[in-house]
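Please read them with the model open beside you.

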Amino acid sequence: MIFASSNRHKYEEFRRMLSDLIDLKFLEVDYLEPQGEDTREIVVTSAKWLSNYIREPFFIEDSGLFIEALNGFPGPYSSYVFKKIGNEGVLKLMNGVENRRAFFISVIALSYGRGIEVFEGRVQGTIAREMRGGGWGFDPIFIPNGSNKTYGELGDEKDRFSHRGASCRKLREFLMRFESDRLL
Ligand code: IMP
């Protein structure tokens, strides 16, 4: 099974979570994502396009951070916003804002012989008041509900709480229940 992405951090997380089940290979590609608000639509369109080139089962993932007080910003533009203003910029935007609620989503599109399957994970949480811990992307500023640590402070334990953990558990279930002999 292949995971196609330009983001090695996502690959490391998926590999960690699926290592007992499949041998996940990383295909580093920087495919063009259609613009839009609907993550599910974006990821399915991208998977269909990539399936013209990748001739074995693969999956991709699209994720984003939606901050309530900023009307869902940066949402589908998370990657761009992170590159432009980083965690410092987001914390600045949230300066003095009491409502820290936010959620992360992760949408996986699996492309295989019978078409495309989508698996979605969503995790509610809050934006920290300062950066804490390591990790990548918005890890140091997102605190998932159920923990008082940021993703960055959680290390590998992040998988138990994270949006990617949630979507990946659905993918696992699908692989184990329906298609084990064909896909694993
Ligand atoms: P995309 O899925 O490639 O469009 O990128 C989504 C962006 O959201 C990433 O580039 C990160 O900035 C951010 N992001 C998504 N998932 C995570 C995560 O687990 N930790 C930290 N940042 C994340």
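1. Helix H6 covers residues 163–177, which is 15 residues. Helices (H or I, at least four residues) and strands (E, at least two) are DSSP runs, numbered from the N terminus. The expected span of a helix is 1.5 Å times one less than its number of residues.

2. The model is predicted: local features need pLDDT of at least 70, side-chain atom pairs count only at pLDDT 80 or more, and totals for chains, interfaces and linings use all residues. Residues are numbered from 1 along each chain as its sequence is written, and side-chain values use heavy atoms, with hydrogens and water left out.

3. Several residues of H6 are buried, among them His163, Arg164, Ser167 and Leu171. Buried means under 20% relative accessible area, exposed over 50%, and partly exposed in between (1.4 Å probe, protein chains only). An α-helix has 3.6 residues a turn, so residues three or four places apart point the same way.

4. Which residues are closest to the ligand? They are Lys10, Ser63, Asp139, Lys158 and Arg164, out of 15 residues that surround the ligand. A residue is near a molecule if one of its heavy atoms lies within 4 Å of it.

5. The pairs are as follows: a ligand nitrogen atom is 2.9 Å from an N or O atom in the side chain of Arg164, one is 3.1 Å from an N or O atom in the side chain of His163, and one is 3.0 Å from a polar backbone atom of Phe138. The protein covers 91% of the 490 Å² of accessible area that the ligand has on its own. Accessible areas come from the Shrake-Rupley method with a 1.4 Å probe; for residues, only the protein chains shown count as cover.

6. Strand S3 (58–67), helix H3 (78–93) and H6 each give two or more residues to the shell around the ligand. H3 gives the most, with 3 residues.

7. Ser106 is found in strand S5 (residues 101–112). Is Ser106 buried or exposed? Ser106 counts as buried because its relative accessible area is 0%. Its side chain has a polar contact of 2.6 Å with the side chain of Glu61, and another of 2.7 Å with that of Ser167. A polar contact is a pair of N or O atoms within 3.5 Å; within protein, one must be able to donate a hydrogen and the other to accept it, and residues adjacent in sequence count only if both atoms are side-chain atoms.

8. Leu18 lies in helix H1 (residues 8–18) and is buried, at 0% relative accessibility. Leu18 and Leu171 are 153 residues apart in sequence, yet their C-alpha atoms are 9.5 Å apart in space.

9. Glu33 is in the loop between strand S2 (25–28) and helix H2 (39–50). Its relative accessibility is 33%, so Glu33 counts as partly exposed.

10. Two backbone details deserve a check. Asn71, in the loop between S3 and S4, has a phi near 55 degrees, a positive value in a residue other than glycine. Asn71 is exposed, with a relative accessible area of 76%. Phe73 and Pro74 are joined by a cis peptide bond, with omega about 0 degrees, and Pro74 lies in strand S4 (residues 74–75).
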